[in-house]
Structure formats: structure tokens, C-alpha cells
Amino acid sequence: MMLQDIWFFLWGLLWAVYFITDGFDLGIGVLLPFLGKDEDQKRTMQAAMGPLWDGNEVWLLTAGGVTFAAFPMVYAVMFSSLYSALMLILFALILRGVSLEFRSKLESPGWRRLWDTCLFLGSLLPAILFGAAFANIFRGIPFDQNGVYQGNLFTLLNPYGLLGGILFLLLFLVHGTAWLAIKSSGEFQEKAYTAGKKLWPFLLIAAVLFLGATYFSTTLYQNYFKNPVLFLVILITVLALLGTRIFLGSQSPWKAWFSSALTIIGATFFGVIGLYPKMFPSSLNPANNLTAHNASSSPLTLKIMLIVALIFVPIVLIYQIWTYVLFKGKITEEDLTYEDTY
């Protein structure tokens, strides 16, 4: 396997890790107005993601950094073509971070409602826009031979793109309910299980519609038909999705969360495998496609990056696993008495 191929799949893996880690706190932010009916419940939800959300976003920076360093042409065309959507995501993520930091600074109910609303919007927009952006990449982006985008933000909001946005939102919502069940107990934990079970059928419907629409709107299935063994990825993803529902029903929150995480990995790699070797296809002319081979950095750069990644990524992983273990306990009433609790 060539270095370009290795980095192509590492690029996909980094996006999958980001969607797993930041996905559950995006889901919790969207669920806040619906599950957080009083101040204690809202603070429980925000405390569930409080120590982890900013560390989770390290993977977003890593995925963006790898795109820039390993595939600079893809970075240039992608970030100019999806400029409006990516700026909206950036502003929303900033708004979410500010919301979590500012909410507890004043006791005023109006002040807290303001930042709760910002947290909701700052979680909803990235969830939908990430899904819409990736669905459009699967479908092909209208850019010409010079890499100039021939569309606007609304071009991305086509039916297939919106379906991708809804699918990502539902994936993150169910993922968030599993995390809330891990971090809570008693009546609120029951509430999280119930919400997850109610959302799951909508996720199943969205996943089935997306798989069907992908057949008509993209060329992703070509790689699968050439190598039918790849359908195992879809099968494992479907089994993981079913496992999420089973474990939510049996009130096994960690198993439900890991099943949901596996579903997200499968959903991401369903697209990555289908795209290969394309990374940023053009819907105007296949000759404009940017692939892992015609848009990569030099072999020497990729080799040096691989050595650096093999040293530092395990360190980051160990640190993040340590933080998850450190904050693995459930949120208690005592935790909510601290002034710096969200």
C-alpha cells in the first residue's frame, strides 16, 4: 500500500474519531431544551460533557491539520468550496464553548436561558452541517478545473445533503443519550434511556433512506460491487446500530455507547471506502477529481508525517483515555454544588 493510501484511510479514521468523541456532546447540547426541564437537570447535562468537550475537539483540529499537510490541494479546494458551511460550523463551535464557560457566571434565569439557547444552536448547526458537507462530498462538489466552486451555501442544501445532515444529527442524538445514561442515575437516567429508545427508530429510518439515496445520488457503491467483501462494513454497521437499541433497552449504557460509536465509525467508513481513491470529487467533470494520489504532498513529507504520527498520536490517545477514566463517575448532587460546575 502506498503512503498516499495509508494517509487517506488515516484521514478517514481521524474524522471518525472526531465524530465519536464530539458527537455525544453535540447530541447532548441539542437535547438540552427537551431533557433539561429544571436547573439541576440542565447542569447535569452540561456537567456530563463539561470536562471533555474541548479535548474532544482536538480530533477536529487533527483531521483538519492532516488534510492540510498530507493533501494540500484537497485542503485548498475543500475549504474554499465549503467556506460558508465551515465558517458557520466554526462560529457555532465558538458559541458553544462560550456558552459552557459563561452560563454559570450569573445567577439570572434570563442570562442562563440565553446561553442555553446558544449551546443548543451551537450544537445543532455543526451536527447538521457536518452531515450535509460529507454527503455533498460523497455526491460530488461543483468545482471546475481550476478548483473554483460553482455554487453557494444553498447548493449544498440539496435533498441528499439535507438527508446526510439529518442522519448525522440523529446519530449524535442517540450517541448523546447513551452518554447521559452513563453519567446519570435514577429518574434522569431513565429519561435518557427513554429518549434514546424514542429517537432510535428515526435514526434507523434515516440510515435506510440514506443508504438507498446513496445508490441513486453517488457512485460510492462502485467500490462495493467491485469488491463485495466490503459489504461487511455495511453489515457490521447495521449490527452495531441494532446493538445500540438492544443495549439501551437492557439499560447497559457503556455497551450502548460503544455500539453507537461503532455505528459512527461504520457510517464514516462507508463513505470513505466508497470514495477511495477520490477525496474530493467534482460533480462537473470527473477529470477535475482530487484523489489521494493527485492531491497529496511529496512522499518524503508523508513519510515524515507518518513517523511523527506514530510517536504522538498514541500519546494523545493515552492522555484522552486517562481523562475519560478520571471523569468516568456519575454526576452527583455534590458535584452540582461546586460553583465552577456548568
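# Briefing: charges, surface patches and backbone features

Asp116 is buried, with a relative accessible area of 9%. The model is predicted, and Asp116 belongs in it to a network of salt bridges that also links Glu39, Lys42, Arg103, Glu107 and Arg112. Eight salt bridges are present in the structure. Asp5 and Lys278, by contrast, are buried without a salt bridge. The surface carries a patch of negative charge and a nonpolar patch.

**Salt-bridge network**

- Glu39 and Arg103 form a salt bridge, with 3.1 Å between the closest N and O atoms. Glu39 lies in helix H2 (residues 39-49) and Arg103 in the loop between helix H6 (83-102) and helix H7 (109-139), so this pair ties together parts that are 64 residues apart in sequence.
- Because Arg103 sits in the loop between H6 and H7 and Asp116 in helix H7, the pair ties together parts that are 13 residues apart in sequence.
- Asp116 has a further salt-bridge partner in Lys42, at 3.7 Å from N to O. This pair links distant parts of the chain, with Asp116 in helix H7 and Lys42 in helix H2, 74 residues apart.
- Lys42 is buried, as is Asp116.
- In general, side chains of opposite charge can pair when their charged atoms come close.

**Buried charges without a salt bridge**

- Asp5 is found in helix H1 (residues 3-35). The side chain of opposite charge nearest to Asp5 is that of Lys278, 13 Å away, and a salt bridge needs a nitrogen-oxygen approach within 4 Å.
- Leaving aside residues up to four places away in sequence, Asp5 touches Tyr276 and His293.
- Lys278 is placed in strand S1. For Lys278, in turn, Asp5 is the nearest side chain of opposite charge, at 13 Å.
- With residues up to four places away in sequence again left out, Lys278 touches Phe8, Thr219, Asn289, Leu290 and Thr291.

**Surface patches**

- The patch of negative charge is formed by Asp38, Asp40, Glu187 and Glu333.
- Glu333, one of the residues in this patch, is found in the segment after helix H14 (299-326). Glu333 is exposed, its relative accessible area being 71%.
- The nonpolar patch consists of Val229, Leu232, Leu235, Ile236, Val238, Leu239, Leu242, Ile246 and Leu262, which together have about 800 Å² of accessible area.
- Helix H12 (residues 231-249) supplies the largest share of the nonpolar patch, namely seven residues.
- Val238 lies in helix H12 and is partly exposed, with a relative accessible area of 36%. Patch membership requires over 30% relative accessible area, so Val238 passes that cut-off at 36%.

**Backbone features**

- Tyr276 and Pro277 are joined by a cis peptide bond, with omega about 0°. Pro277 lies in the loop between helix H13 (253-275) and strand S1 (278-280).
- Tyr276, on one side of the cis bond, is also a contact of Asp5.
- Gln251 has a phi near 55°, which is a positive value in a residue other than glycine. Gln251 is located in the loop between H12 and H13.
- The relative accessible area of Gln251 is 35%, so this residue counts as partly exposed.

**A separation across the model**

- Asn152 is placed in the loop between H7 and helix H8 (153-156), and is partly exposed with a relative accessible area of 44%.
- The C-alpha atoms of Asn152 and Arg245 are separated by 38 Å, the two residues being 93 residues apart along the chain.

Methods. Residues are numbered from 1 along each chain as its sequence is written. This is a predicted model: local features need pLDDT of at least 70, side-chain atom pairs count only at pLDDT 80 or more; totals for chains, interfaces and linings use all residues. Side-chain values use heavy atoms; hydrogens and water are left out. Patches are made of residues with over 30% relative accessible area and no salt bridge: like charges are joined within 9 Å, nonpolar side chains (Val, Leu, Ile, Met, Phe, Trp, Tyr) within 5 Å. Accessible areas come from the Shrake-Rupley method with a 1.4 Å probe; for residues, only the protein chains shown count as cover. Lys and Arg count as positive and Asp and Glu as negative; His and the chain ends are not counted. The place of a charge is taken as NZ of Lys, CZ of Arg, CG of Asp or CD of Glu. Helices (H or I, at least four residues) and strands (E, at least two) are DSSP runs, numbered from the N terminus. Buried means under 20% relative accessible area, exposed over 50%, partly exposed in between (1.4 Å probe, protein chains only). Contact means heavy atoms within 4.5 Å.
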